Each structure stands twice: as C-alpha cells, then as structure tokens.
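User: I have a structure open and want to talk it through. Can you help me read it?

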Amino acid sequence: MTGNVLIEELGPRGRRRVRVGTGLATVAAVLVLFWMYGRLDGNGQLEAVRWTDLFDSATLRFLGEGLIATIRAAVTAGVVATVVGFAFALMRLSKSRPVRTLAVGWVELFRALPLLLMIFGVFFIDTSIARGRGGDALLGTFWSVVVALVLYNSAVLSEIFRAGVRSLDSGQSEAAKAVGMTYWQMMFVVVLPQAVRRMVPAIVAQMATLTKDVSLGFVIGYEEFVRRGAGTANFGDTEVTNFQAYVSIGIVYFILVWAMAGLAKRLEQRQSRALKVAAADRDPDQDLDLGAGDTLGAGPA
Amino acid sequence: MSWSEFFDEYQDPLREATWVTVKLAFSSFGLALLVGVIVVSFRVSPIPPLVRVAGWFVAAFRNTPLLVVLFVALFGLGDLGLVFDFYPTAVVALGLYTGAYMAEVLRSGINAVPRGQAEAGRSIGLGFAQLMRFVVIPQAVRTVIGPIGNLFVANFKNTAVASTISVFELTAQSQRMFNDASAGVWRVLAVISALYLLFLLPAGAVFRRLEARFAIKR
C-alpha cells in the first residue's frame with residue numbers, strides 16, 4: 001500500500017476494482033508501448049546498426065571526452081559556487097546594512113534570470129572585450145559556462161545556507177553568547193558547523209541540478225556531453241541519427257543525475273532520523289522540520 | 001548607437017520576442033498543470049501499474065536536462081508520427097518537464113494533509129469524491145501555492161531553452177542582438193534582463209502574497 005492519506009483498507013468490492021483497474025492499465029500501457037515500437041521501427045529508428053555505431057571505439061572516446069568535460073565544468077562550478085554562496089550567506093547575515101543589501105541584491109538578481117541568458121551574457125561580454133583589445137578571449141567557453149553557473153548557483157546556495165542557519169534553534173546562539181563568545185566565534189564554532197551539516201542533502205541536490213545545467217553550455221559551443229552527442233549524429237559514415245544520439249545522451253545523463261539525487265535523498269533520510277533521535281532525547285514533544293525540501297530529483301531550473 | 005537609435009531598431013523585435021516568451025510560459029505552464037494533475041492522480045491511486053508508470057515519468061523528466069528533453073521531443077515526436085512545428089514542440093517539452101515537477105509538488109500537498117482529516121471525513125460518511133472535494137483538495141491546494149509559484153517562475157525562466165530549437169523568444173532575440181556589435185553587449189544584457197524581471201519579480205511577489213494569505217497555520 002502506498003500509504004497516502006487517500007487510501008484506506010479496501011473491502012471486497014474495492015479490491016475487485018483495483019484488480020480490474022490493474023488489468024486495464026496494464027493493457028493500455030502495453031498498447032502504448034507497441035504503438036511506439038511500431039512507429040519507431042517503421043521509421044527504421046530501431047535498426048541495430050543505428051545503435052551499435054554508438055559503441056564504435058572512436059565514437060565512445062568522443063562521447064567520453066564530452067562527459068568528462070561536463071563533469072569538469074560541474075565540479076569546478078560546484079566548488080566555486082559553494083564558496084561564493086557561503087560568502088554571500090555570511091554577508092546576508094551580517095549586521096551592516098550596506099553589506100546585507102549588496103548580498104540581497106546579488107541573490108535576488110541572479111536567481112531571477114534565466115541561466116541560458118547569463119551564459120550568453122558572460123560569453124558575449126567576454127568576446128566583446130577581447131575584440132575591443134584585439135586579443136584572445138579572456139574566459140573562453142569553459143570559463144564562460146563556469147562563471148554563469150557560479151553566478152546562478154551561488155545565489156541559490158546562499159539561500160540554502162541561510163535556511164540552514166535559520167533552522168537552528170535560537171538556544172544555540174544564545175548559549176554561545178552566554179559563554180562569552182564573540183559574533184565570529186559564535187558563527188564559526190557553534191552556528192555554521194551545524195547549519196552546513198544540516199544543509200548537506202540540499203546542497204547535493206543542487207549539485208545534481210547544476211550538473212543538468214552544464215548541458216546549456218551547448219549554446220556557446222562548449223564541448224560538453226550533449227554537444228558531443230549532437231556531433232555524433234549524422235557525422236561521417238555513421239548510421240546514428242539525432243534520435244539515437246539524444247536518447248543515449250539522455251539515458252547516461254539520467255543515470256548520473258538520478259544517482260546524485262538518490263544520494264541527496266538518502267542523506268536527508270539519515271539526517272532526519274538522526275535529528276528526530278536527538279530531538280526525542282531532548283524534548284519528546286518537539287517536532288523538527290528540516291525545511292530542506294523534497295529531494296527526490298534535481299531542481300527545476 | 002544611441003539609446004534612441006537602439007530602440008528605433010529593436011523596439012518591434014523586442015515586443016515580438018517578449019510576447020512569444022509570455023505565450024510560451026503560460027501555455028506550457030497550463031499544460032504542466034494538466035500533466036501534473038493526471039500524473040499525481042495516477043501516483044496516489046491504489047492501482048499498482050499506474051503508480052509505477054507515474055513514478056517512472058516523474059523520475060525520467062526530473063533527472064534529465066531540459067535541453068535533452070527538448071531535443072528528444074524535437075526528433076522523437078516526429079518519428080512517432082506526431083509532427084509539430086518548433087513552437088508547439090517547445091510547449092509540449094516544457095509542459096511535460098514542468099509537469100513532472102508539478103506532480104511532485106501536488107503529491108507533497110496531498111501528503112501534507114493529516115491522515116486524521118481523511119479519517120474524520122470517512123467517519124461522518126463522506127464518499128471518495130466528497131472527501132476529495134470538501135476535505136483533501138481544499139487543504140492540499142493551500143499548502144502548494146508557494147511551491148507552484150516557484151514552478152511558475154522556474155518554467156518562465158526555462159522558456160529561454162526553447163531558443164535552442166529556433167523559437168524566437170527573448171533569449172533568441174538577445175543572441176541576435178549580441179551579434180550586432182553596435183548594439184553594445186552590456187546594453188543588450190541589461191535590456192533583456194529587465195524584460196525578464198518585468199514579469200518574474202511581480203510573479204514572485206504575487207505568489208508570495210497568495211501563499212501568506214492562504215497558508216495553513218499548523
């Protein structure tokens with residue numbers, strides 16, 4: 001039983017309905033699959049050679065380099081965005097109003113713009129400066145993608161860090177002040193270590209989203225996985241067409257992102273168990289809500 | 001190029017592109033709501049194959065980049081005999097992609113309704129339809145206004161990806177203008193960003209207010 005609010009123990013009539021529904025749904029699913037198979041096969045999209053050409057060693061190397069380029073951009077952007085996002089979260093929690101305003105402005109601006117536009121923006125500003133100086137582009141495609149990803153994800157991550165700090169019981173910072181810690185001691189010794197640990201699942205989920213978003217580097221010619229996939233189709237004497245190329249790229253991407261999202265979910269479950277135990281030790285009536293959100297998959301943007 | 005020359009030259013294309021972005025955002029979001037409702041009704045149903053299919057649908061779209069979804073739709077739908085123009089393809093791809101997230105949001109809304117509410121409804125003799133209409137849906141809808149607002153904003157931003165399949169919306173227009181050196185890259189970026197913010201900032205504010213207005217204090 002799925003165990004949601006709608007489902008109760010079924011009686012004989014309900015069980016019969018479920019059996020009939022199961023039968024009908026299975027038949028419908030099989031029919032849809034057959035129809036799709038028939039259409040694709042009729043168009044020759046399922047011919048073995050169209051797929052086996054993908055496993056040719058030169059093609060595999062070509063695609064593999066793309067996958068590595070995707071991971072390289074994701075790791076670089078992920079690390080830098082975490083550091084920058086952390087800095088902006090600190091700024092946003094600062095006591096000085098101008099510092100706070102600057103951080104709020106940064107976060108609100110870069111969270112609100114399409115990432116694709118930012119990638120174009122960074123790339124074209126870079127090339128226009130290079131043209132003005134008559135030299136080479138300063139950033140190139142790799143760093144243009146990374147810079148745009150950092151602008152966007154540092155804004156998102158700083159909100160995640162801030163949510164972590166706010167989810168802490170105020171007794172933590174009060175206790176730190178009571179034992180005579182300064183503001184920075186309180187932040188770095190008491191508040192942030194706990195806040196960051198709580199937010200690890202949300203950060204991992206954001207990294208899954210970031211990995212998906214590296215694909216947008218396609219538009220400025222960064223040779224990442226999807227672009228290499230496009231390059232595989234209809235190239236030279238290969239039988240691979242766009243359909244096979246993008247479906248295969250999609251499957252590999254799915255496995256990668258699904259694994260990351262699954263890790264985030266596992267971490268979150270473990271953490272909420274640990275927090276519940278800790279809360280029960282302290283106060284049996286206290287119900288802790290992490291506020292890290294559902295991390296079944298990567299985020300929408 | 002001065003500002004007035006800039007606007008003389010680009011006023012009409014910008015208006016056109018903004019209109020395409022807005023149309024795309026709203027039509028794909030409408031489709032996403034429909035897809036989300038259908039998928040979530042499968043997912044919370046007691047019929048195992050429907051639950052499984054809905055689970056696969058959600059996982060597939062949430063863990064694949066939108067760009068890949070768009071390309072597979074562009075090349076795959078044609079092979080299925082469903083030939084669409086670029087714009088309808090973008091609506092379908094965005095609608096399915098955001099629809100998968102929508103299904104998750106709606107499911108979390110249903111799960112947030114305390115079990116006792118449904119049990120209380122049944123104990124006073126409400127049938128399934130009445131239970132849904134008077135007890136579960138009114139409470140579920142109130143908890144998901146905020147997350148649906150976030151999805152609207154994310155979907156609006158994601159319309160930019162449609163520029164990769166020749167839909168002439170704002171980001172495609174920005175690309176054209178970036179290639180016109182006399183337009184000035186900073187100016188192009190500022191103008192296009194301002195046009196996005198013109199819609200996205202009010203949308204965020206409206207949903208935040210709705211959320212605060214309808215939030216359930218538990």
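User: Is Leu198(B) buried or exposed?

Analyst: Leu198(B) is exposed, with a relative accessible area of 54%. Buried means under 20% relative accessible area, exposed means over 50%, and partly exposed is in between, using a 1.4 Å probe and protein chains only.

User: Where does Leu198(B) lie?

Analyst: In helix H8 of chain B, residues 185-214. Helices are DSSP runs of H or I with at least four residues, and strands are E runs of at least two, numbered from the N terminus.

User: What separates the C-alpha atoms of Leu198(B) and Ala183(B)?

Analyst: A distance of 21 Å. The two residues are 15 apart along the chain.

User: What kind of model is this, and how are things numbered?

Analyst: It is a predicted model, where local features need pLDDT of at least 70, side-chain atom pairs count only at pLDDT 80 or more, and totals for chains, interfaces and linings use all residues. Residues are numbered from 1 along each chain as its sequence is written, chains are lettered from A and ligands numbered from 1 in the order in which they are written, and side-chain values use heavy atoms, with hydrogens and water left out.

User: What pLDDT does chain B average?

Analyst: Chain B averages 91, and 99% of its residues score at least 70. pLDDT is the predictor's confidence in each residue, from 0 to 100.

User: Where is confidence lowest in chain B, and where highest?

Analyst: Lowest is helix H5 (residues 115-123) of chain B, at a mean of 88. Highest is helix H4 (residues 86-112) of chain B, at 94.

User: New topic. What is the phi of Ser166(B)?

Analyst: Positive, about 65 degrees, although Ser166(B) is not a glycine. Ser166(B) sits in the loop between helix H6 (128-158) and helix H7 (170-178) of chain B. Ser166(B) counts as partly exposed, at 43% relative accessibility.

User: Now chain A. At what angle do H3(A) and H9(A) pack?

Analyst: About 160 degrees, with the axes of H3 (residues 57-92) and H9 (residues 225-232) 7 Å apart. Axes are lines fitted to C-alpha atoms, for helices over the stretch in contact, and angles run from 0 to 180 degrees between N-to-C directions.

User: What does that angle make them?

Analyst: H3(A) is roughly antiparallel to H9(A). Angles over 145 degrees count as roughly antiparallel, under 35 as roughly parallel, 65 to 115 as roughly perpendicular and the rest as oblique.
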